[in-house]
Amino acid sequence: MPRYRNCVPILAVVAAGLAPVAQAQPPSAVPEEGIASWYGGPFEGQRAASGEVYHQEELTAAHRTLAFGTKVRVRRLDSGQSVVVRINDRGPYVASRIIDLSYAAARGLGMTHPGLVPVAVEVLGSPLSGGSS
């Protein structure tokens, strides 16, 4: 009998534990379409998932899979208004939404009221690809 036969199950468990829950998504040429929301005041000064401190007056956003530091253009589908933001947080945590914008980004899109708007999210550059803004 092989000497290391008991190691295989242990290695499988260790490898499974090292697999990230949400892997960073590579840039895509096809814009993602869906609903955008925004978050502001209550989160001011709190740590984002990237470790940065959230400031509602910065042009930042939360996305479920894009790498931190990725720059994206968010364009309202109903008006054509757009804003460029940097991904620094994870979310949104509501299944029907694709991006959660800072207050400044929402204001730039004119969406603080109603709060939810249809958007297209286009990746402009990723820290992994060396893309620029």
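Arg90 is found in the loop between strands S4 and S5, where helices (H or I, at least four residues) and strands (E, at least two) are DSSP runs numbered from the N terminus. This is a predicted model, in which local features need pLDDT of at least 70 and side-chain atom pairs count only at pLDDT 80 or more, while totals for chains, interfaces and linings use all residues. Residues are numbered from 1 along each chain as its sequence is written, and side-chain values use heavy atoms, with hydrogens and water left out.

The side chain of Arg90 does reach the backbone oxygen of His63, at 2.9 Å. Leaving aside neighbours within four places in sequence, the residues in contact with Arg90 (heavy atoms within 4.5 Å) include His63, Arg64, Thr65 and Phe68.

## The nonpolar core

The largest nonpolar core has 19 residues, and those with the most contacts inside it are Val72, Val74, Val85, Ile99, Leu101 and Val119. Such a core is a set of buried Ala, Val, Leu, Ile, Met, Phe, Trp, Tyr and Cys residues joined through side-chain atoms within 4.5 Å. S3, strand S4 (82-89), strand S5 (97-102), H2 and S6 each supply at least two residues of this core, and the largest share, four residues, comes from S6.

Once neighbours within four places in sequence are set aside, Ile99 is in contact with residues including Ile35, Val72, Val74, Ile87, Val119 and Val121.

## Salt bridges

The structure holds four salt bridges. In one of them the side chains of Arg107 and Glu57 meet at 2.9 Å, N to O; Arg107 lies in helix H2 (residues 103-108) and Glu57 in the loop between strand S1 (32-39) and strand S2 (60-62), so the pair ties together parts that are 50 residues apart in sequence. Arg107 is partly exposed, with a relative accessible area of 42%, and Glu57 is likewise partly exposed, at 48%.

Another joins the side chains of Arg73 and Glu122 at 3.4 Å, N to O. Because Arg73 lies in strand S3 (residues 71-76) and Glu122 in strand S6 (residues 117-125), this pair ties together parts that are 49 residues apart in sequence. Arg73 is partly exposed at 29% relative accessibility, as is Glu122 at 33%. The side chains of Arg76 and Asp78 also meet in a salt bridge, at 2.8 Å, N to O, and Arg76 counts as buried at 10% relative accessibility.

## The chain as a whole

There are two helices and six strands in the protein chain, and from the N terminus on the elements run α-β-β-β-β-β-α-β. Buried residues make up 32% of the 133 residues. Among contacts with a separation of 6 or more, residues 24 or more positions apart account for 72%.

Key:
Buried means under 20% relative accessible area, exposed over 50%, partly exposed in between (1.4 Å probe, protein chains only). A polar contact is a pair of N or O atoms within 3.5 Å; within protein, one must be able to donate a hydrogen and the other to accept it, and residues adjacent in sequence count only if both atoms are side-chain atoms.
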